[in-house]
There are 2 protein chains.
Amino acid sequence: MHLRIYIDRVDYISRLFSFMDLFNLYDSFSFFRILNSSDDIKYVIVVRKDLGMGVGKIAGQVGHACSSVVWQNPDHVAKWFNYGGQKKAVLKIQSEKELIDIIKKAQAYGIITTVIRDAGKTQIEPNTMTCCGFGPDYSTKLDKLTGHLKLL
Amino acid sequence: MHLRIYIDRVDYISRLFSFMDLFNLYDSFSFFRILNSSDDIKYVIVVRKDLGMGVGKIAGQVGHACSSVVWQNPDHVAKWFNYGGQKKAVLKIQSEKELIDIIKKAQAYGIITTVIRDAGKTQIEPNTMTCCGFGPDYSTKLDKLTGHLKLL
């Protein structure tokens, strides 16, 4: 009986270690992946240009996307801050439909999406989707999604 | 001897409770302060207009200020997200000197400042201060600092 418990504990501990190992290996792998190639981590924010928002309004909406993604995914963004220098790209899109199509694709790829809807106190209608953040994730992964869009 | 230890413990526990009470009271107070008056919590980002940055560049810099403040002060921003709806104001300023003056005042008032310097890969010189975030903090406190500035 005592022996059985002992074996169970050893098994438990070894499983724990191998899990940690796996985790570290994965982490080192992605660390070298960033260091050795152009495959950096970035955060892409796609802004709707068809709404006619002013500069300050656009900046505020992009700001919402940036603070929300950090608040909602504190563990996920650590790598972006530590190795990626919190790199950002702000791109433009001409319609809500196009943006929704990209959001659907992102969700299929498993990329984090941060949809920003405006309270509508100034300039635009309440609950309008103004922009959407994608990632932070590897550039190669994000470029498949938003590579065709131009910088704002 | 035993009695002494017992009294010490009671004293310790009661002190702990009164500290927690104080903390909760303070929290409830600021919660009601937000609910009952116009004294909400906001985050103000002041952008330098004299650098001639484009819309996308400005949005990116404001985004840096927004993600940095959440990453660097996770406990402090909680109230802003929970009660303040992460309210933001993007304001403009015409020179670096004016911005530095406001930063000095903010530090004297005990307001968190998030200075953003650009890596200078696009549009402007490396290490230029592009914008600065103040707060998140009470509107009345921030307005003393930036109330004279106009919306971007």
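These are short notes on a predicted model with chains A and B.

1. **Confidence.** The predictor gives the complex an ipTM of 0.77 and a pTM of 0.77. Chain A averages a pLDDT of 83, and 75% of the residues score at least 70. One stretch needs caution. Residues 24–28 of chain A stay under 50 in pLDDT. For that stretch the model has zero contacts beyond four places in sequence.

2. **Symmetry.** Chain A superposes on chain B through a rotation of 180°, with 0.0 Å of shift along the axis and an RMSD of 0.0 Å. That is the relation of a two-fold axis.

3. **Interface.** Which surface does each copy use? The copies meet through the same surface, because 100% of the interface residues of chain A are also interface residues in chain B.

4. **Nonpolar core.** The largest nonpolar core has 64 residues. Those with the most contacts inside it come from both chains: A:Ile45, A:Val46, A:Val62, B:Ile45, B:Val46 and B:Val62. In soluble globular proteins, nonpolar side chains tend to be buried together.

5. **Around B:Val46.** Leaving out residues up to four places away in sequence, B:Val46 touches B:Leu91, B:Ile93, B:Leu99, B:Ile102, B:Cys131, B:Cys132, B:Phe134, B:Thr146 and B:Leu149.

6. **Helix H4 of chain A, geometry.** H4(A) covers residues 96–109. Its 14 residues should span 20 Å at 1.5 Å a residue; the end C-alpha atoms are 20 Å apart, which agrees. Just after the helix, A:Gly110 takes a positive phi of about 80°.

7. A:Leu99, A:Ile102 and A:Ala106 are buried. They cover an arc of only 60° around the axis, which puts them on the same side of H4(A). The face turned away from that buried side carries exposed residues: A:Lys97, A:Asp101, A:Lys104, A:Gln107 and A:Ala108.

8. **What covers H4(A)?** The cover over its buried residues includes strands S1, S2, S3 (113–118) and S4, plus helix H5, of chain A.

9. **Helix H5 of chain A.** H5(A) runs over residues 139–146, and its buried residues are A:Ser139, A:Leu142, A:Leu145 and A:Thr146. They fall within an arc of 120° seen down the axis, so they line one face of the helix. Those residues pack against S1 (41–48), S2 (88–93), H4 and S4 (128–138) of chain A.

Notes:
Residues are numbered from 1 along each chain as its sequence is written. Chains are lettered from A and ligands numbered from 1 in the order in which they are written. Copies are superposed by least squares on the C-alpha atoms of residues with pLDDT of at least 70 in both. Two residues are in contact if their C-beta atoms, placed from the backbone, lie within 7 Å. A residue is buried if 20 or more other C-beta atoms lie within 10 Å of its own, exposed if 12 or fewer, and partly exposed in between; C-beta atoms are placed from the backbone. Helices (H or I, at least four residues) and strands (E, at least two) are DSSP runs, numbered from the N terminus. The arc is that of the directions from the helix axis to the C-beta atoms. A nonpolar core is a set of buried Ala, Val, Leu, Ile, Met, Phe, Trp, Tyr and Cys residues joined through C-beta atoms within 7 Å. The expected span of a helix is 1.5 Å times one less than its number of residues. pLDDT is the predictor's confidence in each residue, from 0 to 100.
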